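User: I want to learn how to read the inside of a fold. Where do we begin?
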Amino acid sequence: MSYLVLARKYRSRNFSEMVGQDHVVQALTNALTTQRLHHAYLFTGTRGVGKTTVSRILAKSLNCQGPDGNGGITATPCGVCQACSDIDSGRFVDYTELDAASNRGVDEVQSLLEQAVYKPVQGRFKVFMIDEVHMLTNTAFNAMLKTLEEPPEYLKFVLATTDPQKVPVTVLSRCLQFNLRPMAPETIREHLTFVLSQENVPSEPLALRLLARAARGSMRDALSLTDQAIAFGSGQLQEATVRQMLGSVDRSYVFRLIEALATGDGKTVVETSETLRLNGLSAASTLEEMSTVLQRMAVVQALAGSPGTGVSDDDSDPEANDIARLAALMPVDETQLLYSICLHGRADLGLAPDEYAALTMVLLRLLAFKPQGQAAPAEKKTSINAVGLGRPPATAAAASPPIGAAAHTPVGVAASGASQIQAPVRPVAPPVASPRAVQPWEDDPGEPSAPPATQTPSALPPVTVPPPGQVLAVRESARPAPPSDDEDFGQHDLREIQEVNRARAPVERAQDATKIVAIPVRNAVESRSDVTAQQQNAPILVPTEEGDFWHATVQQLIKAEAINAMVRELALQSQLVARDTDQWILRVERESLNQPGSRDRLTTALNNAGFVVKLVVEIGRVTDCPARRNSAASAEKQLAAEKIIFDDPFVQSMMRDFGAKIVPGSIKPL
C-alpha cells in the first residue's frame, strides 16, 4: 500500500479534532445544533489552516445519516455512514469541489450553476465548494451573484480564499465570513507531539520547537516539514538534524552576538559573523532569530518585577534563562534600537554584493549608534560654556548649583572641574575686578574695588557667582557703601555684580528698541525696490490708438471663446500696426507665431465678429500688444494691493512691535 503523507492522514474528520480554530468551530456547531443555517459561507485565512477541512466537515454534518441510517443534521457527524465515507474519500455525488485557480472563467461557473436546478441525488443538501474563489474573473463573479443570493433551499455554497481583499463586496455581502487564524507555535508543537506519538517516531522537544516556528502558523506546513525531517533523520527527530535541514541558526550564535553588542565587544561580533559565513548559515535567518530573541527580551524588560517574566508559558523552555540574563544585561533603549536595526537590516542584505558583509555592517551599526552616557558630556559642556562666558575654571564648576550652595563650595574642589577643559587657561583675577575697570557707565572711578589682580585664586575666599545669563532684580536707590574691614568679600562682590546688571539693563532695552523700530522700514524699502526692479525688467509698453482698438477686439474674442490655443496666443502677442477697410497689418516678434493655420483661424474669427478683413502678419519689434497691456494691468493691481497691506496701521504695528514679516508672494489682488 502506498504511503499517505501526514498532512492527509491526520486531516481532521470532525469538529472535535479541529486544532487552533475554536472560534469557527463554536459558531458552526451552534448553528448546526439550532438549525440556523446560512446558504453561503466564506472561509478566509492563510495556507494550511483548515479551510478545505472545515468545508468537508460542514458537508458531512449537513448530510450525515447516522450509523443506523436515521440521522439528521448534526454537529457531530458519525464518519461511518455512506455520506460521511464518500465525502472523506472524495466521491460523494452531491458534494462538488471546484478549483477556481484552474476553472476561473464564466463557462466553468455556468456549468456548475446548471447543476443547481437539480435536487440532491443521494444526500440531504447539495454543497458547492469553490476553493481559491478570488481567482475567478469578474464575469464569473457576476454570473453567480443571483444564484448565490437566492439559491434553492437544498443548495449550500462554501467559498474559500487566501486573499479576501480580491473578492468583490457584492459576494462578501451574500456570505457569512469566517477568518481562520494562523496557529500559534505552541498549538502546532502540541499537535506534532500527538502525531509523532501515533506514528511511534522518537523526537526531541527542541526539534519540535524548530518545526513549529518554521511552519509560520500553517499546520499543513508543519506536518510536511515533519515528514521531511523524519526522512532526513532516518526515522527520528533530533535538534541537530532538524536545524541542519531547516538551515536555522543555532541560538547560541544569536546569544553570543547579542551579548557582544550589549558589552560593546566589536571583535566578538566580527568573529561570530565570520563563523556564520564558514558554516554556511543564512544571514537573513540570523537576523530573524535575533529579532525573535530581542522581542522576548523586550517583554521581559517590560514585565520586570511582575509575577511572571513573560518569556514563555512553558517552564521547560531551555532558552528562558539566557533571555532573562540578556534582558538584564542590555538597556531597554538599546534593545529597542537593535530590534529595529535587525528588522530593517534584512532589507539591506539583498542590496549588498555579499550578504555576510551586509550582516556584519548591520550588527556593527548598533555599536556606531550605541547610546552613550550623559554625565561626562554634560560636565564638559558646562565647563566649555563657563570658559566661553569669560569666567575662570574655578568659578565655572560652581555655575550650575544655586547661589546659596555655591557660596560654601571650597575653591580647591571647584577648581578640580576645570581639568576637563583641554585648552590651557591662564590665571585671572576675580570676576568682578575686571568689569569695574572697563565698564563705561561707572559713576565713581575712585570707588573702592576688589583686591588687585596679582592675588592668586587659591588665596581668595569663596566667591558667589550667579548662573550665566541671570540678571538679578535689585531695586536700590543708593549705590552700595564701601566694604568694612570685617565685611565678607564675597557679599561685597555679589552687590557689585547686581549693580552692573542693573546698570546694563536700561542700555540693552534701548538698543533692542532701536533695532525693532528699524525692521518695518527696511522690509518696506526692500519690497518696493524689488517691485521697481521687476518693473524695469518688464517689456516696454508704448500705448497707441491702434493698440487700444486691437486690445478691445481681442478681449471681446476671448470672452466669446472664439479663439483659443495658438490662435489666442497670436492675437495676444501681436501689435496692430495699420488697418484699412479690407486689410489689417499685425506685427509679432516670434516667427513661430506666424503660422498659416493660426492666421486663417484668426481671420475667420474676426469675420464672424463683423470685421471682414484680410490679415497680413510681419516680423518685427512689438511695443504695444494685448498681452503687455494685461501684464501692466496685473502689475498695477498687485502694487495697489501691496500698498494697502503695507499702509495698514495694524500691519505696521505688528511689524514694529513683534518683528512680523510679510511672506513674499503671499499678497494677491482680488
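Analyst: With a definition. A nonpolar core is a set of buried Ala, Val, Leu, Ile, Met, Phe, Trp, Tyr and Cys residues joined through side-chain atoms within 4.5 Å. Buried means under 20% relative accessible area, exposed over 50%, and partly exposed in between (1.4 Å probe, protein chains only). This is a predicted model: local features need pLDDT of at least 70, side-chain atom pairs count only at pLDDT 80 or more, and totals for chains, interfaces and linings use all residues. Residues are numbered from 1 along each chain as its sequence is written, and side-chain values use heavy atoms, leaving out hydrogens and water.

User: Which residues have the most contacts inside the largest nonpolar core?
Analyst: In general, nonpolar side chains tend to be buried together in soluble globular proteins. Here the largest core has 32 residues, and Ile258, Met290, Met297, Leu338 and Leu363 have the most contacts inside it. Helices 12 (251-263), 13 (266-279), 14 (283-302), 15 (320-329), 16 (332-349) and 17 (355-368) each supply at least two of its residues. Helices (H or I, at least four residues) and strands (E, at least two) are DSSP runs, numbered from the N terminus. Helix 12 gives the largest share, eight residues.

User: What is Met290 in contact with, beyond its neighbours within four places in sequence?
Analyst: Contact means heavy atoms within 4.5 Å. Met290 touches Val254, Leu257, Ile258, Leu261, Leu338, Cys342 and Leu363. Apart from this core lies another, of 29 residues, including Tyr41 and Met129.

User: Now the sheet. What is the order of its strands?
Analyst: Strands of a sheet pair through backbone hydrogen bonds, either parallel or antiparallel. The criterion here is at least two DSSP bridges between two strands. This open sheet of five strands has the order 2-3-4-1-5, with parallel pairing. Strand 2 (95-99) and strand 5 (176-179) are the edges, each pairing on one side only.

User: Is strand 4 mostly covered or mostly uncovered?
Analyst: Mostly covered: seven of the seven residues in strand 4 (155-161) are buried. Leu155, Phe157, Leu159 and Thr161 lie on one side, Lys156, Val158 and Ala160 on the other. Five parallel bridges link strand 4 to strand 1 (40-44), and five link it to strand 3 (126-131), also parallel. Val158 is the bridge partner of Tyr41 and of Met129.

User: Which helix makes a β-α-β unit with strands 3 and 4?
Analyst: Helix 6 (138-149), and the unit is right-handed. Right-handed means that, with the strands pointing away from the viewer, the path from the first strand over the helix to the second runs clockwise.
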